[in-house]
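Subject: Structure handover

Hello,

Here is the structure I promised to pass on. Please open it and keep it in view while you read.

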Amino acid sequence: MTLVRFVSADGNHIQEVRGAPGVRLLDVAQNAGQPLEGTCEGQMACSTCHVIVDAEDFARLPQASEEEEDMLDLAAHVTRHSRLACQIWLDETLETLTVRIPSGFHNMQGR
Ligand code: FES
C-alpha cells in the first residue's frame, strides 16, 4: 500500500490515505474527498485532474506520455512537477507519494 499525502492548495491541510497497487491516483483522491474533478474519467480530454507532485516523488514516477504533456499544457498553475492524476497508478515501488491539489477553475466542488 502506498501512503498518499494530499496537500491543500494553500499548504495548510494535509490528508494521508493509503492506496492499493494498481489503483489510479485520481481514484484515491476522489475516494478521499479531495477536490479533484477528473471530468473525463481518464480519457485524457480535460486536465481537471492536474496535481503537483513533490519533487522527489516526481523523479520516481514513470515519465509522462506525450499525450499527457499535451493535456497538461491546458491546465492552470502548471509547474515542472505537474502530472495528471488519472495517469498515475500506484505500485509497490511507490512507498509514499505527496501531491498538492492546485487551486483554480478546475475546482468545481468549491472546496
Ligand atoms: S481525468 Fe481528464 S485528463 Fe485526467
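First, the ground rules. This is a predicted model, where local features need pLDDT of at least 70, side-chain atom pairs count only at pLDDT 80 or more, and totals for chains, interfaces and linings use all residues. Residues are numbered from 1 along each chain as its sequence is written, and side-chain values use heavy atoms, with hydrogens and water left out.

Salt bridges

Side chains of opposite charge can pair when their charged atoms come close. A salt bridge here is a side-chain nitrogen of Lys or Arg within 4 Å of a carboxyl oxygen of Asp or Glu. The count comes to 4 salt bridges. Three of them follow, including one between Glu16 and Arg5.

Glu16 and Arg5 have their closest N and O atoms 2.8 Å apart. This pair links distant parts of the chain: Glu16 is in strand S2 (residues 14-19) and Arg5 in strand S1 (residues 2-7), 11 residues apart. Helices (H or I, at least four residues) and strands (E, at least two) are DSSP runs, numbered from the N terminus.

How covered are these residues? Glu16 is partly exposed because its relative accessible area is 48%. Arg5 has 26%, so Arg5 is partly exposed too.

Glu68 pairs with Arg83 at 2.7 Å, N to O. Glu68 sits in helix H3 and Arg83 in strand S4 (residues 82-84), 15 residues apart. Both Glu68 and Arg83 are buried.

Asp27 and Arg24 form a salt bridge at 3.0 Å, N to O. Asp27 is partly exposed because its relative accessibility is 24%. Arg24 has 15%, so Arg24 counts as buried.

Two single residues

Gly42 lies in the loop between helix H1 (25-31) and strand S3 (50-53). Leaving aside neighbours within four places in sequence, Gly42 is in contact (heavy atoms within 4.5 Å) with Arg24, Cys86 and Gln87.

Thr98 lies in strand S5 (residues 96-100). Thr98 is buried because its relative accessibility is 16%. Beyond neighbours within four places, its contacts include Arg5, Ile52 and Asp57.

One more residue

Glu69 belongs to helix H3 (residues 66-72). At 40% relative accessibility, Glu69 is partly exposed.

Best wishes

Conventions: Buried means under 20% relative accessible area, exposed over 50%, partly exposed in between (1.4 Å probe, protein chains only).
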